[in-house]
Amino acid sequence: MNIDHKYMQRALELGKNALGSAAPNPMVGCVIVHNQHIIGEGFTSAFGGPHAEVNAINAVSDKSLLSKATLYVTLEPCSHFGKTPPCADLIATFKIPRVVIGLIDPNKKVAGKGIEKLKSYGCELTVGVLEAECRFHHRRFLTMQEKKRPFVILKWAETTDGFIAPLKEMRRFKPEPFWITTKKSRQLVHKWRSKEMSILAGTTTVLEDNPKLNVRDYAGKAPLKLIIDKSLKIPSSAAIYNDNTKVIVFNNTKSSNFENSIVFKQLEFTKNIPSQILQFLYEFEISSVFIEGGAKTIQSFIDANLWDEARVFKGKSNFGEGTKAPVLVSKSNFRTSVLQDQLYTYYND
């Protein structure tokens, strides 16, 4: 393997540790190498904390080695003052002679300025190492920067005969949830929730399933809850309102301040609903949204072509009748098994 590829791959692995905590900042990974030995490594801290380069440099016990080392980083080092000082300046302070960058930062505050600053300090630069892999890794951040909207993940579970819910009449006799997938798959969904900034569901899903939309079967933070409730039908006793976390309710009658625990955001329901929701989230730097239901809500994002990734479970059960699953005209990129469930992953290229 190309030696630069080897250490950039390690930087990408490190960056994954920042998923769910660094957002809306990018989840950058950084490795520092001296004489083919890693002497320091790090990833982006929780939002507001040190960047990956800072953590990697701080991890080097013998700082004298930095002046003879190579720094590998998945995204161009920042060149501006934000919540932290510029990483390019820190690299120059320790006289690191060579910097290998996976991807140029499209953020207009950086966008090549970090590279130019490092060049002015005399650093030898290699740019574009594992660029495609770095783009995939930073897809949430890049979607915000390039498409001016959050990264959208769709998720649903369907039976072998293509339903996501049974007939409503069946709930009269069996009010408990009709599970399509195994407990292992449901635990995986809670892990996914903990990694994204927000989670969205529609009125019917909330009224019929009474979901909490939080994280229970995995250790992680709960995402911001988003509800589409056009006519404000969902009662205040609903489970989504019972844990004192912030909920944004998209409706057609009222709006309120973003500081409140329950925020009402008025939309024009005669216009493109997904586009309006994503624009609102973009303005508040919500970089990802995990859409769990129901079929109508998910289909509206598919029809508007406002989705980036879809994760579809197929269980072993059959309903015969009920609510049909969303229709996604696309070939799956990956299929994996979760016990007896099949998980299909799609990317909207």
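Helix H6 is followed by Lys-148, whose phi is positive, near 60°; helices here (H or I, at least four residues) and strands (E, at least two) are DSSP runs, numbered from the N terminus. This is a predicted model, in which local features need pLDDT of at least 70 and side-chain atom pairs count only at pLDDT 80 or more, while totals for chains, interfaces and linings use all residues. Residues are numbered from 1 along each chain as its sequence is written, and side-chain values use heavy atoms, with hydrogens and water left out.

- The buried residues are Arg-139, Arg-140, Phe-141, Leu-142, Thr-143, Met-144 and Gln-145.
- They pack against helices H5 (131-137) and H10 (273-283), and against strands S6 (151-158), S12 (288-293) and S13 (309-314).

**Aromatic pairs**

- Searching the whole structure turns up nine aromatic pairs; rings of Phe, Tyr and Trp (its six-membered ring) pair if their centres lie within 6.5 Å, and planes under 30 degrees apart count as stacked, over 60 as edge-to-face and the rest as tilted.
- One of them joins Phe-136 and Tyr-347 edge-to-face, at 5.4 Å centre to centre with 85° between the planes.
- This pair links distant parts of the chain, 211 residues apart: Phe-136 is in helix H5 and Tyr-347 in strand S16 (residues 341-347).
- Phe-136 is partly exposed at 39% relative accessible area, whereas Tyr-347 counts as buried at 17%.
- Phe-250 and Phe-280 also pair edge-to-face, with 5.7 Å centre to centre and 90° between the planes.
- Phe-250 lies in strand S10 (residues 247-251) and Phe-280 in helix H10, so their pair ties together parts that are 30 residues apart in sequence.

**Charges over rings**

- Arg-186 lies over the face of Trp-179, 4.1 Å from the ring centre; a charge sits over a ring if NZ of Lys or CZ of Arg is within 6 Å of the ring centre and within 35 degrees of the ring normal.
- Lys-314 places its charged end over the ring of Tyr-344, 5.1 Å from the centre.

**Glu-53**

- Glu-53 lies in helix H2 (residues 52-58) and is buried, with a relative accessible area of 3%.
- Beyond its neighbours within four places in sequence, Glu-53 is in contact (heavy atoms within 4.5 Å) with residues including Cys-30, Leu-71, Cys-78 and Cys-87.

Conventions
Buried means under 20% relative accessible area, exposed over 50%, partly exposed in between (1.4 Å probe, protein chains only).
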